[in-house]
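Subject: Structure handover

Hi,

Here is the structure I promised you. Please open it first, then read my notes beside it.

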Amino acid sequence: FRVAAGFGVNVVLLSPGSGDPFHRRAVRVSMGHVLRVPCLRASLPDLFQQLRSASVFTVALAERGPVFLDELEAMPERWAC
């Protein structure tokens, strides 16, 4: 959540199996940003499909095929992380 706050992210998307962002250790490590940046827990494939249909560029962590933010020609005006 600290990184999301640093990039100005409006919402963090969480999969149903992800850890509890409000666990006391998670709150401490995030330096409280978990309380400032909203989060939404839902099926990520469904969320990404809705975001793509709304023409929102999505950024996510993946196990393979990395593309780094500094490799993008320009940051889109509407994007999700």
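Below is what I found in it, from the overall fold down to single residues.

Please keep in mind that this is a predicted model.

**Overall**

The protein has three helices and four strands. Starting at the N terminus, the order is α-β-α-β-α-β-β. There are 81 residues, and 19% of them are buried. The exposed surface comes to about 6,300 Å². Carbon and sulfur atoms supply 56% of that area. Contacts across the sequence are well represented: among those with a separation of 6 or more, 57% join residues 24 or more positions apart.

**Core**

The largest nonpolar core has five residues. They are Ala4, Val9, Val12, Leu14 and Val37. Look at Val37 in particular. Leaving out residues up to four places away in sequence, Val37 touches Phe1, Ala5, Val9 and Val12. Two of these contacts, Val9 and Val12, belong to the core as well.

**The loop between β1 and α2**

β1 covers 12–14 and α2 covers 24–29. Pro16 sits in the loop between them. Is Pro16 buried or exposed? Pro16 is exposed, because its relative accessible area is 58% and the cut-off for exposed is over 50%. Leu40 is 24 residues from Pro16 along the chain, yet their C-alpha atoms are separated by 9.6 Å.

- Ser30 counts as buried because its relative accessible area is 5%, and the limit is under 20%. Its contacts, beyond residues up to four places away in sequence, are Phe1 and Arg2.
- Met31 is in this loop too. Met31 is exposed, with a relative accessible area of 56%. Its phi is near 55 degrees, a positive value in a residue other than glycine.
- Pro38 is also in this loop. Pro38 is partly exposed, at 45% relative accessibility. Pro38 touches Asn10, Val11 and Val12, setting aside residues up to four places away in sequence. From Pro38 to Phe1 the C-alpha distance is 9.3 Å, although the two are 37 residues apart in sequence.

**Backbone angles**

Most residues other than glycine have a negative phi. Ser55 is placed in the loop between α3 (44–53) and β3 (57–58). At 60% relative accessibility, Ser55 counts as exposed. Met31, described above, also has a positive phi and is exposed.

**Where to look**

Best wishes

Notes:
Residues numbered from 1 in each chain as written. Predicted model: local features only at pLDDT ≥ 70, side-chain atom pairs only at ≥ 80, totals over all residues. Heavy atoms only, no water. Core = buried A, V, L, I, M, F, W, Y, C linked by side-chain atoms within 4.5 Å. Buried < 20%, exposed > 50% of the residue type's maximum accessible area, 1.4 Å probe, protein only. Contact = heavy atoms within 4.5 Å. Helix = DSSP H or I, 4+ residues; strand = E, 2+ residues; numbered from the N terminus. Areas by Shrake-Rupley, 256 points an atom, 1.4 Å probe, with all protein chains shown as cover.
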